[in-house]
Amino acid sequence: MGDTQLTVLHAKPGAVSASLFIDTTTVNQAAASSKEEGEGFALYMPGTSSPLLMIDRVVKALNSLVAGKYRHRYLRLQNRSLLKFSPKALQLSPINITLDSLDSPRRVAEVFRSLVSKQSECIVQTWGEVDELERLMAQLRGSNESAGRAQERGADTDLGLLTAADRTRAKVDEFLSRKWPTSADIGQRLSNSTTNPGQYAADARARRQLLGAWDSKRRTFVHPDFQFDEFGRIDPRVEKLINAFETHPDLSQDRDKGGWRRVFWLYSTRPELGEEQKMSKDGDRDGIDTTLSSTGVSPVEKFLVDAEAVIRLVQRDVERLKDDW
Amino acid sequence: MTGSRLCPSCIPTPWPLNNDSEYWRVHSSEFPPGATDAVKSTTGNPKATGRFSLSCLNTSGSPPAAKMFYVAQSAGCALFETVLNTASFDGQRNVYVTPSALKNRLISRLKLAEPYSAIQLEEPARRMFAPINSPADLEWARLLRTDDYVETHKAASELHSALLADAKPLPGLSYPSRRVSSEIAYVLYEPPLEQHLWNHEQTWDLSARSTVADIDEFLQPLGFKMLADPTGGAYDPPLGAI
């Protein structure tokens with residue numbers, strides 16, 4: 001069992017929310033009891049009006065935890081205030097958890113591996129209408145098998161425990177970890193200016209020749225590296241791509257000041273750019289296939305070999321947004 | 001109709017839709033103007049441009065042959081068939097779509113109040129009027145796959161005219177979803193469809209921030225999840241940022 005403890009909290013049936021707190025027990029007990037600071041790992045489950053749904057999420061989370069299914073890249077929670085449930089005293093005491101030691105994905109993965117190997121003791125407690133929640137949990141025990149099947153399908157990478165906003169934040173963090181060149185990096189590489197090296201990239205962005213994405217932590221733009229050739233120069237085809245984005249209602253520079261929409265668009269898979277492109281003889285528009293299950297590539301991957309295909313995809317999206325059903 | 005390129009064997013016979021099923025429809029939040037969600041969700045779209053639409057052939061300004069009513073039996077299928085048709089995906093099955101795709105769009109859950117039928121274009125029902133691997137069968141297969149909807153509009157019109165000549169209105173078509181291969185999509189025509197044939201159950205505003213969690217639940221059976229829009233707040237630079 002080790003010292004690991006897992007506590008699930010429920011609050012207010014009818015407007016249920018839950019937090020899952022894994023106390024790694026190295027938790028500084030003195031700090032925890034003084035309600036100042038502990039150490040551990042937390043997953044937050046968004047509130048829902050459905051107790052059944054919430055408990056379903058909790059059950060899936062537990063199953064998934066034991067199966068070691070979590071992927072570290074989603075697990076980014078810092079300075080989140082949680083209520084820690086004390087199973088013995090039946091008291092709720094707020095503690096503020098800082099997860100600095102888990103900030104690196106590698107460290108999170110290590111902690112999770114450790115938790116799984118310890119076969120953590122799970123203490124599930126409820127607060128509120130306990131009888132009703134327990135009844136629902138009993139009802140859900142029968143659904144664990146189907147939850148397991150869902151896991152096998154790979155459909156449970158985060159089991160809905162994180163919100164869309166959490167996932168977006170994690171995705172941005174993943175992009176930022178790629179160490180794309182900052183404005184200053186580009187200036188030092190391509191400009192003779194020593195007084196304001198970041199200005200060169202800022203000017204290129206303003207001329208729609210370079211795409212930047214705002215890094216709010218470092219207070220600078222970073223620049224996806226597909227835009228540079230092997231000598232670090234800006235690929236001239238980027239200007240045409242950015243100008244194509246200008247025709248899109250959401251992807252123009254004015255509508256995407258931070259650049260992240262375009263980064264998401266460029267670095268996500270589009271089935272239309274995949275192998276089934278040759279389906280044009282079957283009548284697909286522009287040789288683009290749109291089957292969900294087809295294997296696609298990202299626009300960035302495609303851009304490197306065929307920039308025009310990516311520009312056509314932008315244009316196609318603009319047209320598709322006019323579709324009506 | 002018999003002997004035509006699309007139905008060489010016989011006139012297709014509509015087949016009843018499942019009366020017990022839920023049907024999900026993505027539709028405009030602006031049409032009809034000022035109407036309740038219940039009315040919006042059960043009013044056909046006179047300007048639809050989707051697969052097999054009969055709404056967009058009249059360029060002369062005359063009323064369309066029919067208003068369109070696209071539905072699916074799951075919310076996930078309804079979303080992928082419509083607003084998620086420009087979506088991109090990552091390896092973790094996160095779905096990203098830009099905000100305009102969801103703007104002014106609602107999704108509604110409906111149930112049939114009375115029996116209704118549609119011609120089944122999925123296999124094996126299609127074999128009853130288009131023998132397998134016949135030119136008609138291959139043409140239907142192509143029409144069900146193509147994203148050049150103009151061709152499908154012509155085919156729907158051809159079928160519509162043929163049935164009218166036989167004094168039988170074309171009630172609708174069912175076909176394998178192009179976006180969710182395990183599901184069936186439906187296009188129903190109004191007329192003969194009428195508003196009172198539907199019971200409206202619930203409507204969600206797809207562009208509302210609060211709906212993102214619901215969309216997650218809609219996509220969950222297919223194993224997908226939404227990403228939020230990465231704009232505003234910390235995602236946007238301050239003025240003059242370098």
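Reader: Of the contacts in chain A with a separation of 6 or more, what percentage is accounted for by residues 24 or more positions apart?

Author: This is a predicted model, in which local features need pLDDT of at least 70 and side-chain atom pairs count only at pLDDT 80 or more, while totals for chains, interfaces and linings use all residues. Residues are numbered from 1 along each chain as its sequence is written, and chains are lettered from A and ligands numbered from 1 in the order in which they are written. Two residues are in contact if their C-beta atoms, placed from the backbone, lie within 7 Å. On that basis, residues 24 or more positions apart account for 60% of the contacts in chain A with a separation of 6 or more.

Reader: How many helices and strands does the secondary structure of chain A come to?

Author: Helices (H or I, at least four residues) and strands (E, at least two) are DSSP runs, numbered from the N terminus. For chain A the secondary structure comes to 12 helices and 8 strands.

Reader: What percentage of the residues in chain A is buried?

Author: A residue is buried if 20 or more other C-beta atoms lie within 10 Å of its own, exposed if 12 or fewer, and partly exposed in between, with C-beta atoms placed from the backbone. Chain A has 325 residues, and the buried share is 39%.

Reader: Which element gives the most to the side of chain A that touches chain B?

Author: The contact takes 50 residues from chain A and 50 residues from chain B. Elements giving two or more residues on the chain A side are H6, H8, strand E8 (220-222), H10 and helix H12 (307-320) of chain A. With 6 residues, the element that gives the most is H6(A).

Reader: In what order do the 3 strands of the open sheet of chain B lie?

Author: Two strands pair if DSSP finds at least two bridges between them. E4(B) and E5(B) run antiparallel and are joined by 2 bridges; in E5(B), B:Val95 is the bridge partner of B:Phe89. The pairing in this open sheet is mixed, and the order is E4-E5-E11.

Reader: Are H7(A) and H8(A) roughly parallel or roughly perpendicular to each other?

Author: Axes are lines fitted to C-alpha atoms, for helices over the stretch in contact, and angles run from 0 to 180 degrees between N-to-C directions. The axes of H7 (residues 183-190) and H8 (residues 199-206) of chain A come within 6 Å and cross at roughly 100 degrees. Angles under 35 degrees count as roughly parallel, over 145 as roughly antiparallel, 65 to 115 as roughly perpendicular and the rest as oblique. H7(A) and H8(A) are therefore roughly perpendicular.

Reader: At what angle do H9(A) and H12(A) pack?

Author: In H9(A), A:Arg237, A:Lys240, A:Leu241, A:Ala244 and A:Phe245 meet A:Ala307, A:Val310, A:Ile311, A:Val314 and A:Gln315 in H12(A). The two helices are roughly parallel to each other. Their axes are 9 Å apart, and the angle is about 10 degrees.
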